[in-house]
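Trainee: Could we go through this model together, step by step? I would like to start with confidence and then move to the fold.

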Amino acid sequence: VVVTKGAYLTSAVKKEQYPEVKRPEFVFIGRSNVGKSSLINSLTRVTNLARVSRQPGKTQTINYFEVGLKIDGSEERTDFYLVDLPGYGYAKTGKENRKIWKKFIDEYLLNSESIQFVCQLIDIRHDPMQSDIDMFRWLVTNGLPVLVIATKTDKLSRSAAQKQIARMKQVLGVPELDILPYSSLKNEGRSELLDSIATSLIK
Ligand code: GTP
Ligand code: MG
């Protein structure tokens with residue numbers, strides 16, 4: 001699988017602003033600072049495609065990136081969207097902001113008919129927090145396919161990372177869950193995620 005294109009398309013905070021051209025969507029959700037925007041850059045290999053910041057709360061809108069893949073053995077390029085969402089659970093944004101967040105993210109997740117799966121990112125260094133558990137349950141309850149991704153694996157040793165992934169499954173309450181380890185710094189997990197995307201595109 002080869003990524004042949006990666007470009008910012010548009011941003012939205014309401015339905016009327018979603019892209020006119022419908023394409024399969026792969027969504028990235030997670031707490032502020034967990035590494036959503038960095039993952040999009042690592043996946044597309046376009047530096048600074050999605051804006052990254054050490055300051056939590058960088059991404060404020062639903063951001064669509066148009067990406068093309070060439071699946072091995074095929075001449076044709078398949079285009080789809082990677083969708084970067086603002087992070088949840090950022091204390092400083094305040095209650096009012098959180099309400100607004102919840103409104104337009106829920107609206108998006110419940111109304112977009114093009115979502116293939118939602119990647120829920122959780123920092124491998126910590127146990128999933130209550131907001132992660134709530135989000136995971138909400139996605140599952142609403143019938144959205146979820147792929148849990150453990151981010152920043154480069155921050156832990158291999159054995160510590162494995163232990164923590166086992167913990168994450170426990171805390172999320174799904175012992176048989178598949179969790180994908182990912183490091184945007186080292187591109188670990190990149191080819192696995194591209195394969196999952198490709199598989200879902202050819203279905
Ligand atoms: P918001 O837009 O605020 O919700 O954050 P985000 O989830 O998009 O996080 P972002 O990609 O902006 O990254 C936050 C910080 O984590 C930045 O300082 C990144 O450099 C760092 N970071 C992201 N991914 C990795 C990773 O795989 N390894 C390491 N070591 N740092 C990472
Ligand atoms: Mg971001």
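Trainee: What pLDDT does the protein average?

Mentor: Happy to start there. This is a predicted model, in which local features need pLDDT of at least 70 and side-chain atom pairs count only at pLDDT 80 or more, while totals for chains, interfaces and linings use all residues. Residues are numbered from 1 along each chain as its sequence is written, and chains are lettered from A and ligands numbered from 1 in the order in which they are written. With pLDDT being the predictor's confidence in each residue, from 0 to 100, 98% of the residues score at least 70 and the protein averages 92.

Trainee: Which ipTM does the predictor give the complex?

Mentor: Two scores are given for the complex. The pTM is 0.95, and the ipTM is 0.99.

Trainee: What is the strand order of the open sheet?

Mentor: Strands (E, at least two residues) and helices (H or I, at least four) are DSSP runs numbered from the N terminus, and two strands pair if DSSP finds at least two bridges between them. The open sheet has 7 strands with mixed pairing, in the order 1-3-4-2-5-6-7.

Trainee: In strand 4, what is the bridge partner of Phe26?

Mentor: Strand 2 (residues 25-30) and strand 4 (residues 77-84) run parallel and are joined by 4 bridges. Val27 has Val83 as its bridge partner in strand 4. For Phe26, the partner is Leu82.

Trainee: What angle does the direction of helix 1 make with that of strand 4?

Mentor: Helix 1 packs on the sheet, and its contacts (C-beta atoms, placed from the backbone, within 7 Å) include strand 4. Axes are lines fitted to C-alpha atoms, for helices over the stretch in contact, and angles run from 0 to 180 degrees between N-to-C directions. Here the angle is about 165 degrees.

Trainee: Which residue stands opposite Glu66 in strand 4?

Mentor: Strand 3 and strand 4 pair in the antiparallel sense over 8 bridges. Their hairpin has 6 residues between the strands, and Gly73 takes a positive phi near 85 degrees there. Opposite Glu66 stands Tyr81.

Trainee: Is Asn33 buried or exposed?

Mentor: Asn33 lies in the loop between strand 2 and helix 1, and its phi is near 80 degrees, a positive value in a residue other than glycine. A residue is buried if 20 or more other C-beta atoms, placed from the backbone, lie within 10 Å of its own, exposed if 12 or fewer, and partly exposed in between. Because Asn33 has 21 other C-beta atoms within 10 Å, it is buried.

Trainee: And is Arg45 buried or exposed?

Mentor: Arg45 also has a positive phi, near 60 degrees, and its place is in the loop between helix 1 and strand 3. It has 11 C-beta neighbours inside 10 Å, so Arg45 counts as exposed.

Trainee: How many polar residues does the shell around ligand 1 have?

Mentor: The shell holds 24 residues (C-beta atom, placed from the backbone, within 6 Å), and Ser37 and Thr59 are among the closest. Ala, Val, Leu, Ile, Met, Phe, Trp, Tyr, Cys and Pro count as nonpolar, Asp, Glu, Lys and Arg as charged, and the others, Gly among them, as polar. The shell has 5 nonpolar and 6 charged residues, and the polar count is 13.

Key: Contact = placed C-beta atoms within 7 Å.
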